[in-house]
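Okay, thanks for coming, everyone. Let me put the structure up, and then we'll walk through a few spots in it.

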Amino acid sequence: MHPLILVVVFVVAAVVGYLLIKQVPTLLHTPLMSGMNALSGVTVIGALSATGLAFLFRQNGFGQFFGALAIILAMVNVVGGFGVTHRMLRMFKGKNSKK
């Protein structure tokens with residue numbers, strides 16, 4: 001596939017994603033983030049599978065490097081997303097409910 005087509009698809013997806021998220025009411029952001037964290041978990045599994053296959057079939061170091069990088073970035077996304085979700089949920093608790 002031509003690289004220019006991939007860039008166009010990426011830009012269109014980014015713009016559509018931004019416009020969709022912009023329309024989400026404030027009260028739905030926390031559940032939406034939790035759902036996206038679950039989707040990021042699927043990304044981690046995909047990155048692990050692709051990297052595992054690269055190592056299994058002894059592909060060049062290029063594929064192994066980018067597979068490992070994909071695992072790291074996906075995990076950063078998952079951990080950061082759950083951290084932000086946890087912090088947002090704490091904001092909804094009253095001062096009396098803290099122990």
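**Aromatic pairs, then a threonine**

So, searching the whole structure turns up two aromatic pairs. Here a pair means rings of Phe, Tyr or Trp (its six-membered ring) with centres within 6.5 Å; planes under 30 degrees apart are stacked, over 60 edge-to-face, and the rest tilted. One is Phe 62 with Phe 66, edge-to-face, at 4.7 Å centre to centre and 70° between the planes. Those two sit four residues apart in helix 3 (residues 61-92), so about one helical turn separates them. Then there's Phe 65 with Phe 66: the centres are 5.2 Å apart and the planes are at 75°, so that pair is edge-to-face as well. Put together, Phe 62, Phe 65 and Phe 66 make one aromatic cluster.

Quick caveat before I go on: this is a predicted model, where local features need pLDDT of at least 70 and side-chain atom pairs count only at pLDDT 80 or more, while totals for chains, interfaces and linings use all residues. Numbering starts from 1 along each chain as its sequence is written, and side-chain values use heavy atoms, with hydrogens and water left out.

Phe 66 is partly exposed, at 42%. For the cut-offs, buried is under 20% relative accessible area, exposed is over 50%, and partly exposed is in between (1.4 Å probe, protein chains only).

Now over to Thr 51, in helix 2 (residues 29-56). This one counts as buried because its relative accessibility is 6%. What does its side chain reach? A polar atom there lies 2.8 Å from the backbone oxygen of Ala 47, and one lies 3.1 Å from the backbone oxygen of Gly 67. Beyond its neighbours within four places in sequence, Thr 51 is in contact (heavy atoms within 4.5 Å) with Gln 64, Gly 67, Ala 68 and Ile 71.

Zooming out, the protein has three helices and zero strands. Helices here are DSSP runs (H or I, at least four residues), strands are E runs of at least two, and both are numbered from the N terminus. The C-alpha atoms fill a box of roughly 55 × 35 × 15 Å along the principal axes. Of the 99 residues, 14% are buried. And among contacts with a separation of 6 or more, 64% come from residues 24 or more positions apart.

Conventions:
A polar contact is a pair of N or O atoms within 3.5 Å; within protein, one must be able to donate a hydrogen and the other to accept it, and residues adjacent in sequence count only if both atoms are side-chain atoms.
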